[in-house]
Amino acid sequence: MGVSERPRALVFGEVAEMYEAARPGYAPQLAPVVLEYAGPGGGLDAVEFGAGTGKATLAFAERGVSLSCVEPDPRMAAVLRRRTAGHPSVRVEVESFERWRPAGHYGLLLAATCWHWFDPARRWDLAHAALAPGGALALCWNVLRVRDEGLHARLAEIDRRFGSVASPHAQLVRADRELPGSWDSGEWPAAECRADGRFGDLREIRLREETRYDTRTYLNYLSTVSYYRLLPERRRVRLFEALADAVDGHGGSLAFELATDLFLARRR
Ligand SMILES: C[S@@+](CC[C@H](N)C(=O)[O-])C[C@H]1O[C@@H](n2cnc3c(N)ncnc32)[C@H](O)[C@@H]1O
């Protein structure tokens with residue numbers, strides 16, 4: 001299979017350890033806000049799909065949530081098993097969302113930065129089937145923005161020079177105009193959820209954080225982003241050299257604005 005023919009949803013395992021080291025986690029308020037909505041952690045039976053290396057998982061396990069983690073890539077699952085070894089209430093299964101069969105009904109379904117990878121024709125049916133009546137669905141994504149607008153625009157310009165027009169930098173430069181503020185109601189996935197009709201009590205919440213990355217950590221982070229992973233290797237290496245030069249020229253580090261966008265809904 002050629003580089004660009006790999007399924008985009010499954011490129012993360014190629015860099016599982018780097019993913020764990022370089023991807024920022026979620027805003028610390030994520031688990032408390034979700035559990036306030038879903039019910040207290042102790043006694044809550046939850047399922048997490050696309051759990052990856054456990055970036056969202058740990059905060060829930062530490063609050064006493066019993067978690068079945070479903071992750072199709074064995075390399076990501078291996079890191080997840082290692083990281084959750086001290087939490088006997090966490091079980092890890094190597095399976096996809098679509099092929100997994102629920103053993104029961106769950107009080108919480110969690111999917112962090114992966115709902116968009118799931119089969120759009122089936123994801124609402126499968127989520128509905130996995131949840132108990134009144135059970136909570138919690139979907140989240142990190143929106144990352146290089147805080148310095150000049151540097152951010154420069155990184156997007158370098159991407160363009162290497163033929164990457166719709167790169168994450170370019171998209172974030174556009175998304176920047178939407179910050180600050182919360183999601184516009186009616187946007188995806190809320191619109192899809194509303195159209196499905198079997199979930200209620202919809203909420204969209206933006207949790208904000210700020211963090212700083214040095215050049216190497218930033219480039220490590222970029223190499224875990226599926227968009228860049230799918231570029232032909234030689235082009236990615238040259239592009240990353242140019243991006244690293246730009247960050248070095250900016251003092252060798254950059255400030256990141258990290259917004260964790262959280263979508264909550266409840267099975268009727
Ligand atoms: C961007 S990573 C997010 C991982 C983790 N939830 C996090 O927040 O860091 C996307 C994850 O979804 C997984 N994934 C992709 N397709 C999937 C599917 N159909 N079912 C379940 N997980 C899937 C990938 O293997 C990967 O671990």
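**Figure 1. Overall view of the chain.** The model is predicted: local features need pLDDT of at least 70, side-chain atom pairs count only at pLDDT 80 or more, and totals for chains, interfaces and linings use all residues. Residues are numbered from 1 along each chain as its sequence is written. The C-alpha atoms fill a box of roughly 55 × 35 × 35 Å along the principal axes. Eleven helices and seven strands make up the count; these are DSSP runs (helices H or I, at least four residues; strands E, at least two), numbered from the N terminus.

Figure 2. Of the 22 residues around the ligand, Gly50, Gly52, Lys55, Phe97 and Ala112 come nearest. A residue is near if its C-beta atom, placed from the backbone, lies within 6 Å. The shell has 13 nonpolar, four polar and five charged residues. Ala, Val, Leu, Ile, Met, Phe, Trp, Tyr, Cys and Pro count as nonpolar, Asp, Glu, Lys and Arg as charged, and the others, Gly among them, as polar.

Figure 3. Asp159 sits in helix H6 (residues 149-161). Asp159 is buried, because 23 other C-beta atoms lie within 10 Å. The cut-offs are 20 or more for buried, 12 or fewer for exposed, and partly exposed in between, with C-beta atoms placed from the backbone. Beyond its neighbours within four places in sequence, Asp159 is in contact with Ser164, Ser167, His169, Ala170 and Leu239. Contact means C-beta atoms, placed from the backbone, within 7 Å. Phe240 is 81 residues from Asp159 in sequence, yet 9.1 Å away in space, C-alpha to C-alpha.

**Figure 4. Close-up of helices H9 and H11.** Thr215, Tyr218, Leu219 and Leu222 in H9 meet Phe240, Leu243, Ala244, Val247 and Asp248 in H11. By class, this contact has seven nonpolar, one polar and one charged residues.

Figure 5. Most residues other than glycine have a negative phi. Thr113 has a positive phi of about 55 degrees. Thr113 lies in the loop between strand E4 (106-112) and helix H5 (123-130). With 18 C-beta neighbours inside 10 Å, Thr113 counts as partly exposed. Asp201 also has a positive phi of about 55 degrees. Asp201 belongs to strand E6 (residues 199-214). Asp201 is exposed, with 12 other C-beta atoms within 10 Å.

Definitions and conventions: Contact = placed C-beta atoms within 7 Å.
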